[in-house]
Amino acid sequence: MLYGDGVEESHADITLEQAKQIYLKQKGAGRPDTFHRAAERTTKYLSEAIGEKTIGKIQKTDAILFRDYLVSRGLKGPSIGRVFGNAKSIINIAFSELGIDKPNPLSGVFIDISIGSVRRNGFTSVDLLRLKQICHQYDDELRHILALICDTGMRLSEAVGLRHRDLVLVHEYPHVIVQPNAHRRLKTASSARSIPLVGDSLWAATRLPGKNRNREYLISRYNKHDRTDGNSASAAMNKWLKQNEFEDVIQCILQRHSFRDRLRR
């Protein structure tokens, strides 16, 4: 069997580009464009950091160079961790597929995930009340999504990718069913869940089905071309939040920090 430029499976001396091809062949089927772009970007960074080495010749010292290179690019700790994790996966898959019996040289490298991180303060109760009031004033799809997130703790992509069948409103306990579908996966298997609809999330859930009743997805403009476009929804929401002076806490609401903090309290 051959991969890429006529490289045999048993040949350990392959390039990072060929390792990436193996990785995408095994793991990339049905994955979104972001998955493929992440693999491309990771391979590019690793090549820039250690040069055009074949994967069998990568050593622990190269892993240190790679980490330091990512730091020098100004990446924050969590981003460095994600890129490093992608690189390890690419090497692991290539080693496994090609029968290379050696430890992954990128394993066991210390990464300070606090690099460049800034602790964010969650929404205050006053912020949250103002945000919900504005959502009611606008009363449109984007604000319905935001209100739904506020009182359910859903991820943005989970909310944007909902179908009509996922809302169960005629029930003793109205709820939303978060489950994978043809347009979007879930982040983890345990992300599949049912969430009760209360407060402004219930209000939003009763408003969302009105516009696209003849479509499968609640929000058709973010579910075109067989995928959920969470990035476009995020960009639109970020822009609107900034215009309404929520700039300092945008990521708090999108990353569910506020909902978590409210549950703790």
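I started with Asp 226, which at 63% relative accessibility counts as exposed (over 50% relative accessible area is exposed, under 20% buried, in between partly exposed; 1.4 Å probe, protein chains only). The model is predicted, so I note that local features need pLDDT of at least 70 and side-chain atom pairs pLDDT 80 or more, while totals for chains, interfaces and linings use all residues. Residues are numbered from 1 along each chain as its sequence is written, and side-chain values use heavy atoms, with hydrogens and water left out.

**Backbone**

I looked up phi for Asp 226 and found a positive value of about 65°, although the residue is not a glycine. Asp 226 sits in the loop between α8 (199–207) and α9 (230–243). Helices here are DSSP runs (H or I) of at least four residues, numbered from the N terminus.

Asp 139 also has a positive phi, near 50°, and is likewise not a glycine. I placed Asp 139 in the loop between α5 (125–138) and α6 (141–150).

**Asp 127**

I found Asp 127 in helix α5. At 22% relative accessibility, Asp 127 is partly exposed. I checked its distance to Phe 246, 119 residues apart along the chain, and the C-alpha atoms are separated by 8.3 Å.

**Helices α3 and α4**

I took α3 (residues 60–72) against α4 (residues 77–98): the two pack at an angle of about 145°, with axes 10 Å apart. The axes are lines fitted to C-alpha atoms over the stretch in contact, and angles run from 0 to 180 degrees between N-to-C directions. The crossing is right-handed, that is, the near helix is turned clockwise from the far one by less than a right angle.

In α3 I listed Ala 63, Phe 66, Arg 67, Leu 70 and Val 71, which meet Ile 80, Val 83, Phe 84 and Ala 87 in α4 (contact is heavy atoms within 4.5 Å). By class, the contact has eight nonpolar, no polar and one charged residues. In this scheme Ala, Val, Leu, Ile, Met, Phe, Trp, Tyr, Cys and Pro are nonpolar, Asp, Glu, Lys and Arg charged, and the others, Gly among them, polar.

**Cysteines**

I searched the whole structure for disulfides and found zero (a disulfide is a pair of cysteine sulfur atoms within 2.5 Å). I found Cys 135 buried at 1% relative accessible area, and Cys 150 buried at 2%.
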